[in-house]
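Please look over the model below.

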Amino acid sequence: MSYNAIKKVIDLGDGRTIEIETGKLAKQADGSVVVKMGNTMLLATVVSSKEAKEGIDFLPLSVDYQEKYAATGRIPGGFLRREARLSDYEVLISRLVDRALRPLFPEDYHADTQVMISLISADKDIMPDALAGLAASAALSVSDIPFNGPISEVRVAKIDGQLVINPTLSQLANASLEFIVAGSEHDINMVEGEAKEIQEAELVEAIKFAHNAIKIQCLAQRELTIEVGKTEKRTYNHEHSNEELKKAIYAATYDQVYAIASSASAKEERGAKFKEVRDTYIATLGEIDDVTKSLAKKYYHDVEYDAIRNLVLDEGKRLDGRTTTQIRPIWSEVSYLPTAHGSAVFTRGETQSLTSVTLGGKDDEQMIDGAFINGYNKFLLHYNFPGFSTGEVRPNRGAGRREIGHGNLAMRSLKQVLPPDDENPYTIRVVSDILESNGSSSMATVCAGTLALMDAGVKIKEPVSGIAMGLITNETGTKYAILSDILGDEDHLGDMDFKVTGTKNGIVACQMDLKINGLSYEVLSNALDQAKDGRLHILGEMAKTIDAPREDYKEFAPRIVTIKIDKEFIGAVIGPGGKIIQEMQRETGANINIEEVNNVGIVQVFADNKTAIDAAVNRIRAIAAKPEVGEVYEGKVRSIMPFGAFVEIMPGKDGLLHISEIDHKRLETMDGVFEVGEIVKVKLLDVDKQGKLKLSRKALIPRPPKPESAPKSE
């Protein structure tokens, strides 16, 4: 055997196990592992350059998660028939892993680093996304790449009142909460998921439960690192330093920066003043090389970082003059776009979303063709973040990972309050265009999306609002400030970015990223309680614009009618080769979709006017109606035979009007009795076992009186 495989087994405590194996596959990578749970297998590899590129002062980390279609025994669709660009689902998993790993790399490590995770075998009931973070961390743990891990990720769900780690896909259908939680042995550093209006204490309980499982998985990785012999990591020197310059910049600029931070000026004005202080100081240095200039800018950034944080911790004052709990001014408007099915503008401080709602039919559903997840989606939310929203020149190259992630959080939030499918026949597309941004445009999307849905007449269960929270702590962790409704600068300079969305009844989604170690559950609970107060305040402001869904849809909105028919009539509505349904669509102008669900035919009729819908519905009901014995029908004579006539009493339903049932008097022949196409009123007497209809005309004709008998002659 040409390899030396080392394996660790993690017991989940309920009969399930997770295996981590290294030394067998992809041995030329700096680190590689295969993680297996059931029949689901992930291959994770990591490679990092030996040196950093010149002038790089950050970590160029890329994380890609990709699902191989062979893992589920499928061939990819499309023209190329091969795996192409990452799907939104794969991008979202890549982001989850990136956000969990990135804070654990040393701050001075700047070498290009690539993490690749591939789904190579799939168990249809074991979700791979909850294993991706563990696989990536394990690959780093068996490498010599500097990494302050290990970390792991788990999915925690509450099912029938019980918390479960990494539940099956089928179990999730009954979950009241579902979160992916990542962390190290000591701390939580990432949370993302959704819930059905849970209380803050339930979320904290779920995070604690997840952390216990994470600790076990981290311990297994430490043991694996020792067995592989990778406890010593590579040495590196990726940063220049100049302590004298650092002290000089701090002494010369700190007071000026602190004063600007205290002035409560607008974002653009404040940024210009900060830049002026920096450039003025650098000019005093005279002719300096590029390395010194780069260091000067870096150290000045550190001055800004310290001054703004100290302002909050020492004075409880923020860049825009607010206290730690204040929400920025809010204004909103609905029906801003006159021809949209629903629209809203939501503005909070210097963040603004213009959101539209479009209602569509069955044909507008999104087809999802992934290796693990496939099917159809009838609720879409798209988030756009153009450069002008922050005053930047940036080419429009379609949605990036950030846009996909922010849109997904808003989608999770609004999805929880949509009406059930049997009450909502529409495919719904929500589009949020961010027109201004200075803090939490994803939460503005949630608020604007709620307003636009209500404006469109979609019967959501409750309005949803969202708020972004921040955290600033001192070096020892003994002093902290929780910030409500953070600015963009506070997001960048803070220790936590915590977004929470919910109704008046509870939390429906959250996303948390921590940049420090040692966040206590007490601080987390306080942040959640403060977020609740902010959410309720925002809901109150939204209610001033619109507080409930409109009674009816807009004038321009299409109408949909859903009717149920017996399974046996599906073929009759469609017709041979689709002839009947195509004819109805052509003649009425309506769009008709039909499918079988639980042995019932579900017909959806979609049109932009009532006349078209009524015409199509009447024709479908006529085809799918069952003739009832005893009922009277006006039928059309389809053919005449020597023994009677065949009369169509409903579309596609002919019955025999026997010659004996035409009149009370005896008819010897059918000659001259009816003409083909003639309308005749008949009564349905019987339907035999073969479904043949027996009709009668004479049953509707009064029986003539019997002739009086002649008197007997004497």
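## Annotated domain and local contacts

UniProt, in an unreviewed entry, places the annotation "domain: S1 motif" on residues 630–698. UniProt positions follow the numbering used here, feature names are shortened, and annotations may be inferred rather than shown by experiment. This is a predicted model: local features need pLDDT of at least 70, side-chain atom pairs count only at pLDDT 80 or more, and totals for chains, interfaces and linings use all residues. Residues are numbered from 1 along each chain as its sequence is written, and side-chain values use heavy atoms, with hydrogens and water left out.

Residues 630–698 are 0% helix and 52% strand. The end C-alpha atoms of this stretch are 13 Å apart. Helices (H or I, at least four residues) and strands (E, at least two) are DSSP runs, numbered from the N terminus.

**Aromatic rings.** Rings of Phe, Tyr and Trp (its six-membered ring) pair if their centres lie within 6.5 Å; planes under 30 degrees apart count as stacked, over 60 as edge-to-face and the rest as tilted. By this rule there are seven aromatic pairs. One of them is Y250 with Y254, a stacked pair. Both residues lie in helix α4 (residues 243–262), four residues apart, about one turn of the helix. Y254 also pairs with Y258, and this pair is tilted. Y254 and Y258 are likewise four residues apart in helix α4. Y250, Y254 and Y258 form one aromatic cluster.

| Pair | Centre to centre | Angle between planes |
|---|---|---|
| Y250 and Y254 | 5.1 Å | 10° |
| Y254 and Y258 | 6.0 Å | 35° |

Is each tyrosine buried or partly exposed? Buried means under 20% relative accessible area, exposed over 50%, partly exposed in between (1.4 Å probe, protein chains only). Y250 is partly exposed at 33%. Y254 is buried at 16%, and Y258 is buried at 17%.

**Charges over rings.** A charge sits over a ring if NZ of Lys or CZ of Arg is within 6 Å of the ring centre and within 35 degrees of the ring normal. K124 lies over the face of F372, 5.6 Å from the ring centre. K208 has its charged end over the ring of Y521, 5.2 Å from the centre.

For "binding site", the unreviewed UniProt entry lists D491 and D497. D491 is in helix α9 (residues 488–493) and is partly exposed at 28%. D497 is in strand β20 (residues 496–502) and is buried at 9%. Contact means heavy atoms within 4.5 Å. Not counting residues up to four places away in sequence, D491 touches I486, D497 and K515.
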